[in-house]
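Work through the exercises below with the sequence and the structure in view. Each task is followed by a solution in steps.

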Amino acid sequence: MLVLRLLNVVAPAYFLCISLVTFVLQIFVFIPSMFRDPSTTSLFSPALLHGALFLFLSANALGNYVLVIQNSPEDLGKDLNLGRGAEVAEWLDGSRSPGSALPSTHFCRLCARVTQRHDHHCFFTGNCIGSRNMRNFIMFCLYTSLACLDSLVAGMAYISATLSMSFADPLAFLTLLPHSISQFFSGALLSSEMFVILMLYLWLGIGLACAGFCCHQMLLILRGQTRYQVRKGMVVRARPWRENLQEVFGKKWLLGLFIPVQNVESSYRRQKEK
């Protein structure tokens with residue numbers, strides 16, 4: 001448990017550090033290098049277009065990241081007067097009262113609360129993902145993967161211009177890291193260039209991981225399931241996929257694709273207000 005609590009602090013700090021480093025490289029290294037192209041006008045220069053795209057992706061990624069943290073799943077233990085800690089966990093497991101545990105609920109020992117439609121505990125946000133913040137979490141994964149892809153393309157263009165190399169060969173990117181390490185220790189490669197090359201592989205890994213996680217979550221939503229239900233082998237009631245999507249994204253889902261906003265139309269909230 002101590003290791004998990006430590007990871008709950010280290011993972012968000014790691015994400016924020018990567019975000020800060022990416023922002024600095026984009027604004028102060030990659031974008032200024034694009035102004036060297038004299039063939040484009042100032043209004044439609046690659047620097048301005050790329051800068052606007054990067055800021056849009058970053059604002060959505062960080063905005064949804066903050067909303068995931070702010071919109072914590074409701075503590076059902078308080079509403080049902082079940083107590084806290086081990087007592088709630090025993091109640092959900094059915095060891096202190098007859099019957100089975102509540103469907104779609106789970107007691108998280110790290111957050112110390114019972115959450116509705118629990119999916120999983122995200123260490124990078126230090127929060128549980130449930131009914132209130134699932135849409136913001138998916139948008140966070142989507143825009144983080146796009147921001148990493150954007151940074152990867154910009155970084156490759158910078159390295160290509162700086163080291164006078166071409167990435168036309170698919171093997172060029174795979175062999176870039178070992179060649180760069182040997183050149184760095186031989187003194188032929190600057191530390192700043194080596195740092196950018198390492199960031200390229202980091203952006204690739206984070207981008208692929210977030211994209212895969214986002215696709216997996218969307219597949220579960222279409223089925224009307226959560227990761228916790230799949231892991232526990234729970235059977236869910238079959239519903240049309242449109243209802244499953246609307247339950248998570250609401251009717252104004254299009255607005256959430258471009259602006260990080262809170263989802264206020266989940267069916268669980270409407271039932272709670274009634």
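Helices (H or I, at least four residues) and strands (E, at least two) are DSSP runs, numbered from the N terminus. This is a predicted model, in which local features need pLDDT of at least 70, side-chain atom pairs count only at pLDDT 80 or more, and totals for chains, interfaces and linings use all residues. Residues are numbered from 1 along each chain as its sequence is written, and side-chain values use heavy atoms, with hydrogens and water left out.

**Exercise 1.** Find the helix that holds tryptophan 253, and decide whether this residue is buried or exposed, or in between.

Solution. Tryptophan 253 belongs to helix α11. Buried means under 20% relative accessible area, exposed over 50%, and partly exposed in between (1.4 Å probe, protein chains only). Because its relative accessibility is 46%, tryptophan 253 counts as partly exposed.

**Exercise 2.** Describe how strands β1 and β2 pair.

Solution. Two strands pair if DSSP finds at least two bridges between them. Strand β1 (residues 105-108) and strand β2 (residues 113-116) are antiparallel and share four bridges. Cysteine 108 faces arginine 113 of β2. Four residues lie between the strands of this hairpin, and alanine 112 has a positive phi near 60°.

**Exercise 3.** Classify the ring pair of phenylalanine 137 and phenylalanine 213.

Solution. Rings of Phe, Tyr and Trp (its six-membered ring) pair if their centres lie within 6.5 Å; planes under 30 degrees apart count as stacked, over 60 as edge-to-face and the rest as tilted. The structure holds 12 aromatic pairs. In this one, the centres are 5.6 Å apart and the planes are at 85°, so the pair is edge-to-face. Phenylalanine 137 lies in helix α5 (residues 134-163) and phenylalanine 213 in helix α8 (residues 191-223), so the pair ties together parts 76 residues apart in sequence. Phenylalanine 137 is buried at 2%, whereas phenylalanine 213 is partly exposed at 24%.
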